[in-house]
Amino acid sequence: MSTIYEFADSLAPFALSKEYCEKYGCRDNSGVQIDCANETKGVLFALDLSLDAIARAKKIGANCIITHHPAIFNPLYSLEEAGSSKEVLAAAQAGISVLSSHLNLDTAKGGIDDCLMKGLGGKKADCVMHTLTGGSYGKVFSVTKCEFEKFLEHVSKEFHTTKIVSYGSGTVKKVASFCGAGMNEESVAFAIESGADTFVSSDGKHHLIKELVERGVKVVLLTHYAAEQYGFARYYEKFEKLLKEQGVRAELYTDEWFL
């Protein structure tokens, strides 16, 4: 497990998670979630630790799962086959170790937030909302000018999803994007102040959508899964190369239900 951790840390330093939490008042639990202390024979990459992902890991002989969302986030007071701890128990019973790269992967250079920007057509950020040592979160950037309908077509094709909620019309030139559940009062204010004409994130709240629309800012809400699986897949591609050098098989798990 130590080698897997070192690889993960080289691609998206876990120190970024700690720095982000301390600097911006967040909470996270990135790092080793379950350590079964066995030699890694195969690794499954899954955005979430689910029973289906565990079943797939067992089928391919993977005894390690790397997730984006922490397998353990809130305190667990017991391990039961029913309830919020069922996935953790199932993985441990199967001898499957679990490592999660969350805020560190969101904010790392080339991480999930960067990938979201690039998938939307941005090349580099004009400004960022949160800065870190070697990372950032929340970006405003220019894209090739196009009509909103064309922009939505591009997003649907690039992120392999038809589950998109959109508001507004007109021309898209300057986009603000925030991976994950990134729509909040701060990000909305940042997008407006930065002159973005389009706001992209997930898990939007009505009063914030209303605020943006009333300000003439178009809104695009991807599913949380589609927005982050896009960058997670690229993380997998980098990680898979490192694992291949060690003779370790890796596979990316995709839950089509959420796309």
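Helices here are DSSP runs of H or I with at least four residues, and strands are E runs of at least two, both numbered from the N terminus. Welcome to a predicted model, in which local features need pLDDT of at least 70, side-chain atom pairs count only at pLDDT 80 or more, and totals for chains, interfaces and linings use all residues. Residues are numbered from 1 along each chain as its sequence is written, and side-chain values use heavy atoms, with hydrogens and water left out.

**Helix α1**

- Helix α1 spans residues 2-11, and its buried residues are Ile-4, Phe-7 and Ala-8 (buried means under 20% relative accessible area, exposed over 50%, partly exposed in between, with a 1.4 Å probe and protein chains only).
- Looking down the axis of α1, these buried residues fall within an arc of 95°, so they line one face of the helix; the arc is that of the directions from the helix axis to the C-beta atoms.
- Ser-2, Glu-6 and Ser-10 are exposed on the other side of α1.
- The packing partners of the buried α1 residues are β2 (42-46), β3 (64-67), β4 (97-100) and α10 (224-245), where contact means heavy atoms within 4.5 Å.

**Helix α9**

- In helix α9 (residues 206-214), the buried residues are Leu-208, Ile-209 and Leu-212.
- They cover an arc of only 100° around the axis, which puts them on the same side of α9.
- His-206 and Glu-214 are exposed on the other side of α9.
- Against the buried residues of α9 pack β7 (164-167), α8 (185-193), β9 (198-201) and β10 (218-222).

**Aromatic rings**

- Rings of Phe, Tyr and Trp (its six-membered ring) pair if their centres lie within 6.5 Å, with planes under 30 degrees apart counted as stacked, over 60 as edge-to-face and the rest as tilted; the count by this rule is 15 aromatic pairs.
- Tyr-5 and Phe-14 form a stacked pair, because their ring centres are 4.6 Å apart and their planes are at 15°.
- Tyr-5 is partly exposed at 32% relative accessibility, while Phe-14 is buried at 8%.
- The Tyr-20 and Tyr-24 rings have centres 5.0 Å apart and planes at 45°, so this pair is tilted.
- Tyr-20 and Tyr-24 are 4 residues apart in helix α2 (residues 15-24), and so about one helical turn separates them.
- Tyr-20 is buried at 6% relative accessibility, and Tyr-24 is partly exposed at 25%.
- A cluster linked by ring pairs holds Phe-7, Phe-45, Phe-232, Tyr-235, Tyr-236 and Phe-239.
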